[in-house]
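Colleague: I am new to this structure and would like to learn how to read it. May we take it feature by feature?

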Amino acid sequence: MSVILKDRVYWIGYIDWNLRDFHSFEAKRGVTYNSYFIKDNDCALIDAVKGPFADDLLKKLAELSDFSKIKYVVCNHAELDHAGALPEVMKALPNAQLVCNKKCQGTLNLHFDTSNWNFKIVSTGDTISLGERTLRFIDTPMVHWPESMFTYLEEDKILFSMDAFGQHYTSSKHFDYEVPTALVIEEAKAYYANILMPFGKPIEKTLAQLENIEIEMIAPSHGIIWKESIEQIVSLYKDWSAYKAKSKVLVIYDTMWQSTASMARAILKGVEDSGVDVKLISIRNSNLTDIATEVLDSAGIAFGSSTINGEMMPMAGAVLTYLKGLKPKNKIAFAFGSYGWGRGGVDGIVEYFDKLKWEILREPIKSKYRPDEKILDECYNAGKMMAEKTKQVG
Ligand code: FEO
């Protein structure tokens, strides 16, 4: 079923209700692939869907238009969750031109046999008249891939923003005012942290380009369409892309026999007693997606692991490897953990801090086997010190 955004502008995407693993992103509320259709003298499809759902997209399209009247298929982003259905779409639409920027054409050529596609190459500022309405294009490199682009429907003031402002959120409702705002914001934050966090600078540039554009609706390629909360989500994107941290501490740890866990709880208490917001995260009872989401706006990170075979715990390593790729900035950190006869675990954490370019608050706290009162006091005081330091941030 299609959904009307404005007169003759439709959502015709696919709701993947039960998908939980989106290339390792834990999508606890499912995923949507949003495709949009504009009916005018010339009709345009804005973005496709993931490959397996091409038939569904074509069925929805057939209910709205004769395929011969569709003149443009805009590809804002070549990643396969949106471009995957393009081969079937282009085959089905005999008169359609594939509208994208030069980089996108190069990427599509490397994914598909595009020899029969009729490309129309656009870049920032270019427009296409559909008759009564106009499409304007804005290149947004690295938001999320090098070829990423926004399409703006001028007369209706709708911004088709592909991944930007997206969320992995499924609902039979499609607009922000129809669903609980807090949940959509929570998912927008998770999406930003796990997909877009490495690209703060390009996102800042993109936001600056939007300053002079009047926007009544932001229609991303994932999740809910923004109408009532545009100001809120744009303001959050400004904070996130500037790596603005809150006065908040995370105590993240993995433990074998509870020694590192005891240290983590002592650190937690030190932060709590200082009145600063703090969360205790046991890595094996959490997941990469939730941890990255918490890291996004936390100023302080205490990271702990026991030592196993001279290294940190494997899942602690997975978290730090994942974070190294996401490149969170503006963090103050220290490491802690227990060991038996080899000390590699905690030293390995500090190596990651260096790679992440995080400010190191103090030397690591290490405990041979079980932490005694002296070590637990040291952990408590380190928590207090971390709390005081993060107070200067928020
Ligand atoms: Fe939703 Fe970067 O693709």
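Modeller: Let us begin with terms: helices (H or I, at least four residues) and strands (E, at least two) are DSSP runs, numbered from the N terminus, and two strands pair if DSSP finds at least two bridges between them. This is a predicted model, in which local features need pLDDT of at least 70 and side-chain atom pairs count only at pLDDT 80 or more, while totals for chains, interfaces and linings use all residues. Residues are numbered from 1 along each chain as its sequence is written, and side-chain values use heavy atoms, with hydrogens and water left out.

Colleague: What is the strand order in the open sheet of 7 strands?

Modeller: The order is β1-β2-β7-β8-β9-β10-β11, and the pairing is mixed. At its edges stand β1 (3-6) and β11 (118-121), each of which pairs on one side only. From one strand to the next, the twist averages 25 degrees; axes are lines fitted to C-alpha atoms, for helices over the stretch in contact, and angles run from 0 to 180 degrees between N-to-C directions.

Colleague: How many bridges join β8 to β9?

Modeller: Strands β8 (residues 43-46) and β9 (residues 70-74) run parallel and are joined by 4 bridges. Within this pair, Leu45 has Val73 of β9 opposite.

Colleague: Which strands make up the open sheet of 5 strands?

Modeller: Its order is β12-β13-β14-β15-β16, again with mixed pairing. The edge positions belong to β12 (127-129) and β16 (217-219), each pairing on one side only. Here the twist averages 20 degrees from one strand to the next.

Colleague: In which sense do β13 and β14 pair?

Modeller: Strand β13 (residues 134-139) pairs with β14 (residues 149-153) in the antiparallel sense, over 5 bridges. Tyr152 in β14 is the bridge partner of Arg136.

Colleague: Which strands does helix α6 lie across?

Modeller: Contact means heavy atoms within 4.5 Å. Helix α6 (residues 200-210) lies across β13, β14 and β15 (158-160), and runs at about 150 degrees to β13.

Colleague: How many helices and strands are there in the chain?

Modeller: The chain has 12 helices and 24 strands. Its C-alpha trace spans about 75 × 40 × 35 Å along its principal axes.

Colleague: What percentage of the residues count as buried?

Modeller: Buried means under 20% relative accessible area, exposed over 50%, and partly exposed in between (1.4 Å probe, protein chains only). By that rule, 59% of the 394 residues of the chain count as buried. Among contacts between residues at least 6 apart in sequence, 71% join residues at least 24 apart.
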